[in-house]
Amino acid sequence: MAAAPPSYCFVAFPPCSKDGLVVFGKNSARPRDEVQEVVYFAAAAHELGSKVECTYIEIEQVPKTHAVVLSRPSWLWGAEMGANEHGVCVANEAIVTREPASESEALLGMDLVRLGLERGATAKEALDVIVALLEEHGQGGNYYEDGNSCHTFQSAFLIVDRKEAWILETSGKYWAAEKIAEGVKCICNQLSLTTKIDAEHPELRNYVRSQGWWNGDTDFNFSEVFSLADDHLACCSGRESLEKQGGDISAQTMIDVLRDKDSGVCVDSESFLTTASIVSVLPQDPSSPCIHYFTGTPDPSRSIFKPFIFVDDVKLVPKVQSPSFGDDDPAKKIPRFQEKPDRRHELYKAHEWARSVLENDQDKGQKLMRIMLDLEKQGLEAMEDILTRTEILDAAEVVDLFYDCVDTELKFFK
């Protein structure tokens, strides 16, 4: 059974975080050569009875979907992580449980990330959407763009809004969830839920009894029941770094944790690389805007986190979007993935050049890195200014925000 890629997701609540902010972050570890794009979809109304085509299957569409911004592997429909206009953030983890994941094409965990964001205006609503779709359609299919082998996993999710977070862990259609509203929490590619379960599949305990995995005489411990071995709980590198910041966790703190290669949070191995990252800052005061920082490029230790704020008519950023191949896309043809098209977007290509400079010319590389970090710092300071203001944000001020940041980054690389 394939090992799940070692991604990490974090959330910090006051009083551990600064200024009454909820801070969310994820590093997405995926196959090294996979390209992630950052895409925005406006809120939309849909005709009654219409369908939505997910990565592998078509499902019923809902009458209205929320505006979303997503970081996603560019060959699929769903997302590794993202946010919606209501300040909900969702990220998923591929996990392995004692129940083999299905190779039959159904919804991917990444499809469920996007569906939760498009249909849920709170973290709890997004959770309800995900588990209902899991019950109806199941999860399954290849997690990678690989025509030679089918890599299948179960899914875990971190679902966050301005008030609370939910950790949702699944195995097939069965699931359990824990609610969090304080402290620091981390999930990775292993099960983490134990006996504190705040919501669960109605048949969960009957099912595990019928499988002989639990006899009902001891406390029900989700990780112990569903893990293959004693590999749960040893998960979270990075959580300690965040907890040490006691009361001072900010966007910058979360970025620093995501950049840490020594702890293993920033993955750079033979098979896997952190191909994209996100940090979101969700003020508990609903009159302040949520701010979402995306890299759109691999390896956060060599990438810039660029801010995005939801406003009407937000400017699209084609330079972080991969080329579209329509119905000719090898991911859509059966048999799938018979060839691999070049999915690199403009920022990814520029970043490849920057990476080669950093690796091959120490002086030039250090100078380039200083410029990049300075650019990022300016963005973080400008966003902090927006969060500390008393007057309401003027949408015109940020409608081009993400576009301008990507454009400036490209100019530096050129």
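At what angle do helix 7 (residues 346-360) and helix 10 (residues 401-413) pack, and how far apart are their axes? The angle is about 35 degrees and the axes are 10 Å apart. Axes here are lines fitted to C-alpha atoms, for helices over the stretch in contact, and angles run from 0 to 180 degrees between N-to-C directions. Helices (H or I, at least four residues) and strands (E, at least two) are DSSP runs, numbered from the N terminus.

Some ground rules: this is a predicted model, where local features need pLDDT of at least 70 and side-chain atom pairs count only at pLDDT 80 or more, while totals for chains, interfaces and linings use all residues. Residues are numbered from 1 along each chain as its sequence is written, and side-chain values use heavy atoms, with hydrogens and water left out.

**Two helix pairs**

Back to helix 7 and helix 10: their crossing is left-handed, which is the label when the near helix is turned anticlockwise from the far one by less than a right angle (right-handed if clockwise). Helix 7 brings Glu346, Leu347, Ala350, His351, Trp353 and Ala354 to the contact, and helix 10 brings Val406, Glu409, Leu410 and Phe413; contact means heavy atoms within 4.5 Å.

Helix 1 (residues 109-119) and helix 2 (residues 123-137) cross in the right-handed sense. Leu112, Leu115, Gly116 and Arg119 of helix 1 meet Glu125, Ala126, Val129, Ile130, Leu133 and Leu134 of helix 2. With an angle of about 130 degrees, helix 1 and helix 2 are therefore oblique to each other. Angles under 35 degrees count as roughly parallel, over 145 as roughly antiparallel, 65 to 115 as roughly perpendicular and the rest as oblique.

Here are both pairs together. In the classes, Ala, Val, Leu, Ile, Met, Phe, Trp, Tyr, Cys and Pro count as nonpolar, Asp, Glu, Lys and Arg as charged, and the others, Gly among them, as polar.

| Helix 7 and helix 10 | about 35 degrees | 10 Å | 7 nonpolar, 1 polar, 2 charged |

An open sheet of 8 strands runs in the order 3-8-9-10-11-12-13-15, with antiparallel pairing. Two strands pair if DSSP finds at least two bridges between them. Strand 3 (36-41) and strand 15 (199-200) are the edges, each pairing on one side only. Strand 12 (residues 165-171) and strand 13 (residues 174-180) are joined by 7 bridges, and Glu169 sits opposite Ala176 in strand 13. Helix 2 packs on this sheet, touching strand 11 (154-160), strand 12 and strand 13, and its direction makes about 10 degrees with that of strand 12.

Strand 10 (residues 89-95) has 7 of its 7 residues buried, so it is largely enclosed by the rest of the structure. Buried means under 20% relative accessible area, exposed over 50%, partly exposed in between (1.4 Å probe, protein chains only). Cys89, Ala91, Glu93 and Ile95 point one way, and Val90, Asn92 and Ala94 the other. Cys89 faces Ala83 and has Val160 of strand 11 as a bridge partner. Strand 9 (residues 81-84) pairs with strand 10 over 3 bridges, and in their hairpin Gly87 takes a positive phi near 80 degrees.

**A buried helix**

Helix 6 (residues 251-258) has 6 of its 8 residues buried, so it too is largely enclosed by the rest of the structure. Those residues are Ala251, Thr253, Met254, Ile255, Val257 and Leu258. Their packing partners include strand 1 (8-12), helix 5 (239-244) and helix 8 (362-388).
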